[in-house]
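Me: I would like to learn how to read a structural model, feature by feature. Can we take the helices, then the sheets, then the rings?

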Amino acid sequence: MAAPATTAPAPPGRRKNVTGTRRTVAFLFLLPALVLLGALVVYPIGYSLIRSFYNANGDGFAGFDNYKAIFTDDGIRTALKNNIIWVVFAPTLSTALGLVFAVLTERIRWGTAFKLVVFMPMAISMLAAGIIFRLVYDQDPDKGVANAVWVGVHDTFARSSAFPNAHPGRESPLKPDQGGFVTTAAVHAGQPVSLPLVGVAPDQMPDGAKPAVAAVSDPGKVTGSTWQDFTRGKGVGRLGAPDPSELGYDGMRVEAVKDGTVVASAEAAADGTFTLPAAADGAVLRLPASNFKQPYNGVDWLGPSLVTPAIIGSYIWMWAGFAMVLIAAGLAGVPRELLEAARVDGATEWQVFRKVTVPLLAPVLAVVTVTLMINVLKVFDLVYIIAPGSSQDDANVLALELYRKGFSEGQPGIASAIAVFLLLLVIPVMWFNVRRLRREERR
């Protein structure tokens, strides 16, 4: 039987040629990507680093002055403080909300549809989301959804006044008193009192208001009438007496006060008339300030104190869906037998969630949180669009300050220093994320 033929090993020189050819081909394939990477990433980073050591004109070496400005300039310090708030709260709340959504949607029949709705904001650009929430946070309850809801809830429990602009007219028997009005003289039973006011537009009168009438005398009680003493037209109507076209102040509260103490009170009827018991005899009548308080207009969401939390809320609206999808994917890989074993051992659903589900999802939660931290360090669009000019300084973040220094204030050196500083902040977080991903791959 013939011995099998053996292939002679390639000469060393030929092996080197083959290896070199393969490396050349690989390099040629990578060359377009390397060129783009160098032009779009490496060159801008290197140029920004060099530019950060020069002054605004670019013709003088400034040393570390631009970096010192990061910690001494008030605007940059505010931006740095706000970035810390963003990094602490935005990723944490987004991840927590995504975790809750991911766990709950596993238990409902229409979970897929719910996930679609929650994830849908990710399809909207930051620009569009900023415009949406600029309208949502509008101060006017007729325009802003947030204040419309807030005012609706407030007015359910605390009725707003219908007469915020009412005030005494000419020859009125009333004078100002602690935000309201009191009669200049004491009143007596059997003598009807007239309390005319002006200043309320006809379309702002209560819906139930009826034409005002003069009060009827009652010997044992104090009676009176309060109404809108104004009729359109020059020389039309009688001053201090109800006219047919004038409406009563429906619901106006009237108090009888003696020696600083309220001894009786009543609310005006739809025609403006009111009746007080005999205890009001000899008292002064007061229309308290509660009748004239301005209507509640909600919360100043975009004011200096709330603008940053409000913008973070819009960010969570967008990115909670992203967190939910990633966590739901991790949750699908959790062994169900572990959850069932915990339930069989008598653990409640909260204990299963806290001591089994969350620890098993810890790697996924860490990746999601760190990814969102990298994202919020660079947040710009939402802050620039949502924050109005009056409170943009209070909502400032590093990326926005970079833009303002570089393009609005003509300080490219400081802008480059901020860019390098942002890069230095992002690198440790990215390094942590990459290490964790590699660790998971080895497992």
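Me: Is the crossing of α3 and α7 left-handed or right-handed?

Reply: A crossing is left-handed if the near helix is turned anticlockwise from the far one by less than a right angle, and right-handed if clockwise. The crossing of α3 and α7 is right-handed. A caveat first: this is a predicted model, where local features need pLDDT of at least 70, side-chain atom pairs count only at pLDDT 80 or more, and totals for chains, interfaces and linings use all residues. Residues are numbered from 1 along each chain as its sequence is written, and side-chain values use heavy atoms, with hydrogens and water left out.

Me: At what angle do the axes of α3 and α7 cross?

Reply: Axes are lines fitted to C-alpha atoms, for helices over the stretch in contact, and angles run from 0 to 180 degrees between N-to-C directions. Helices (H or I, at least four residues) and strands (E, at least two) are DSSP runs, numbered from the N terminus. Here α3 (residues 74-105) and α7 (residues 307-332) cross at roughly 45°, and their axes come within 6 Å. Angles under 35 degrees count as roughly parallel, over 145 as roughly antiparallel, 65 to 115 as roughly perpendicular and the rest as oblique. The two helices are therefore oblique to each other.

Me: Which residues of α12 are buried?

Reply: Buried means under 20% relative accessible area, exposed over 50%, and partly exposed in between (1.4 Å probe, protein chains only). In α12 (residues 398-408), the buried residues are L398, A399, L400, E401, R404 and K405. After α12 comes G410, with a positive phi near 65°.

Me: Now the sheets. What is the strand order of the open sheet of five strands?

Reply: Strands of a sheet pair through backbone hydrogen bonds, either parallel or antiparallel. The criterion used here is at least two bridges found by DSSP between two strands. The order is β1-β2-β8-β5-β6, with antiparallel pairing. At the edges are β1 (174-177) and β6 (261-267), each pairing on one side only. The twist averages 30° from one strand to the next. Inside the sheet, two bridges join β2 (residues 180-183) to β8 (residues 284-287).

Me: How exposed is S265?

Reply: S265 is found in strand β6. Its relative accessible area is 34%, so S265 is partly exposed. The C-alpha atoms of S265 and E255 are separated by 4.2 Å, though the two are ten residues apart along the chain.

Me: Last, the rings. How many aromatic pairs does the whole structure hold?

Reply: Rings of Phe, Tyr and Trp (its six-membered ring) pair if their centres lie within 6.5 Å; planes under 30 degrees apart count as stacked, over 60 as edge-to-face and the rest as tilted. The search finds 23 aromatic pairs. One of them is F53 with F64, edge-to-face, at 5.4 Å centre to centre and 90° between the planes. F53, Y54, F61, F64 and Y67 form one aromatic cluster. F64 counts as exposed, because its relative accessibility is 57%.
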